[in-house]
Amino acid sequence: MSGSLESFPGWRLDRARWKQVYDILRERLEAGTYKTGFPIPSLTQLEQEWPDLARNTIRKAIARLEKEGLVRGEVGVGTFVRPKDEWQPADD
C-alpha cells in the first residue's frame, strides 16, 4: 500500500499497518475494553474508526487475534472475546 504521510496520520511507517491494528486491538482486549463473551466492534465499525486502512488490513489483524485464541469468529454473528485462560501466542 502506498501513500503519503498525510494519508496515514499517526501510523508508523516502519511497521506493517495490520500489526499496528493488531497491537491496538490486543491492548484493548488486555485492558478489558472488550469484555469476555461479548463481540468486538464489527469490521464495518473498525473501518469507520480507521477510514484510511483497507478492509483486508483490519481483517488480517483480527485473523491474528483469532489464531492466538483471543477472539472467535461466528459467521453471520460477530467476533467474540474468549476467556483469557484460552489465549496463547501464535506460532509465526
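In this predicted model, Arg17, Trp18, Val21, Tyr22, Leu25, Arg26 and Leu29 of helix α1 make contact with Thr57, Lys60, Ala61, Ile62, Arg64 and Leu65 of helix α3. By class, that α1 to α3 contact holds eight nonpolar, one polar and four charged residues. The protein chain has three helices and two strands. Their order along the sequence is α-α-α-β-β.

**Helix packing: α1 and α3**

- Two packed helices are described by the angle between their axes and the distance between the axes.
- Helix α1 covers residues 17-31, and helix α3 covers residues 55-67.
- The two helices pack at an angle of about 50°, and their axes lie 8 Å apart.
- Helices α1 and α3 are therefore oblique to each other.
- The crossing of α1 and α3 is right-handed.
- On the α1 side, the contact residues include Trp18, Val21, Tyr22, Leu25 and Leu29.
- On the α3 side, they include Ala61, Ile62 and Leu65.
- Charged residues also take part, among them Arg17 and Arg26 from α1, and Lys60 and Arg64 from α3.

- Glutamine 20 sits in helix α1.
- Glutamine 20 has a relative accessible area of 8%, so this residue is buried.
- Leaving aside neighbours within four places in sequence, glutamine 20 contacts Trp11, Arg12 and Arg15.
- Arginine 28 also belongs to helix α1.
- Not counting residues up to four places away in sequence, arginine 28 touches Thr33, Tyr34, Glu49 and Trp50.
- Arginine 28 and isoleucine 40 are twelve residues apart in sequence. From C-alpha to C-alpha, the two are 9.7 Å apart in space.

**The β hairpin**

- Strand β1 spans residues 71-74, and strand β2 spans residues 78-81.
- The strands run antiparallel and are joined by four bridges.
- Glutamate 74 has glycine 78, in β2, as its bridge partner.
- Three residues lie between the strands of this hairpin.
- Glycine 76 takes a positive phi near 80° in the hairpin.
- In a regular strand the side chains alternate between the two faces of the sheet.

**Whole chain**

- The protein chain has 92 residues, of which 34% count as buried.
- Among contacts with a separation of 6 or more, 50% come from residues 24 or more positions apart.

Terms used. Residues are numbered from 1 along each chain as its sequence is written. This is a predicted model: local features need pLDDT of at least 70, side-chain atom pairs count only at pLDDT 80 or more; totals for chains, interfaces and linings use all residues. Side-chain values use heavy atoms; hydrogens and water are left out. Axes are lines fitted to C-alpha atoms, for helices over the stretch in contact, and angles run from 0 to 180 degrees between N-to-C directions. Angles under 35 degrees count as roughly parallel, over 145 as roughly antiparallel, 65 to 115 as roughly perpendicular and the rest as oblique. A crossing is left-handed if the near helix is turned anticlockwise from the far one by less than a right angle, and right-handed if clockwise. Contact means heavy atoms within 4.5 Å. Two strands pair if DSSP finds at least two bridges between them. Buried means under 20% relative accessible area, exposed over 50%, partly exposed in between (1.4 Å probe, protein chains only).
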